[in-house]
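Q: I have a structure to look through and I am new to it. Can we go through it step by step?

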Amino acid sequence: MLISDDTDCLLEALAVCQSRKPVLYPVTAQNLERIAAAVKGRPAVLALKSAGVESLIPLTNRLRELGIEDALLDPGSRDLQSTIRDQTLIRRAALKQGFRPLGYPSVSFPCFMTR
């Protein structure tokens, strides 16, 4: 997993290790278009980060429009209670209600909860 808030750095790292199908994090509303264009045709997974479950939906919809199917979802939860709530909400929406925009695997980062 390649983690950097600097989009240029993420894309340079992708060029170095693209044969390993890296996960790029964070992909946000601000850098989605640029990163999606860079990974088009390359093996990579985009880990979408937002400020809540609801704001992940436009990101996943846009990703699908761009033809990218490999993604992870991070609703931005940074404490244990919110993480469990958001992860449960994502899974229930995808599995029980068949809500496809939240049908991607989700991820949480306990390392960011200790700051």
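A: Before the strands, a term: two strands pair if DSSP finds at least two bridges between them. Helices (H or I, at least four residues) and strands (E, at least two) are DSSP runs, numbered from the N terminus. This is a predicted model, in which local features need pLDDT of at least 70, side-chain atom pairs count only at pLDDT 80 or more, and totals for chains, interfaces and linings use all residues. Residues are numbered from 1 along each chain as its sequence is written, and side-chain values use heavy atoms, with hydrogens and water left out.

Q: OK. In β4, what is the bridge partner of Leu48?
A: Leu73 is the partner of Leu48 there.

Q: How many bridges join β2 to β3?
A: Three, between residues 23-27 of β2 and residues 45-49 of β3. β3 and β4 pair over four bridges, in the parallel sense.

Q: And in what order do the four strands sit in the sheet?
A: The order is β1-β2-β3-β4, in an open sheet with parallel pairing. β1 (2-3) and β4 (71-74) are the edge strands, each pairing on one side only.

Q: Which way do the side chains of β4 point?
A: In a regular strand the side chains alternate between the two faces of the sheet. Here Ala71 and Leu73 point one way, Leu72 and Asp74 the other way, and all are buried. Buried means under 20% relative accessible area, exposed over 50%, and partly exposed in between (1.4 Å probe, protein chains only).

Q: Where do the helices come in?
A: Helix α2 (residues 32-39) lies across β2 and β3, at about 165° to β2. Axes are lines fitted to C-alpha atoms, for helices over the stretch in contact, and angles run from 0 to 180 degrees between N-to-C directions. Helix α3 (residues 56-65) makes a right-handed β-α-β unit with β3 and β4. Right-handed means that, with the strands pointing away from the viewer, the path from the first strand over the helix to the second runs clockwise.

Q: New topic: where is Lys40?
A: Lys40 is in the loop between α2 and β3, and is partly exposed, with a relative accessible area of 47%. Beyond its neighbours within four places in sequence, Lys40 is in contact with Leu66 and Gly67.

Q: How many aromatic pairs does the structure hold?
A: One. Tyr25 and Phe109 form that pair, which is tilted, at 4.5 Å centre to centre and 40° between the planes. Rings of Phe, Tyr and Trp (its six-membered ring) pair if their centres lie within 6.5 Å; planes under 30 degrees apart count as stacked, over 60 as edge-to-face and the rest as tilted.

Q: What does the pair tie together?
A: Tyr25 lies in strand β2 and Phe109 in the loop between α4 (80-95) and α5 (110-113), so the pair ties together parts 84 residues apart in sequence. Both Tyr25 and Phe109 are buried.

Key: Contact means heavy atoms within 4.5 Å.
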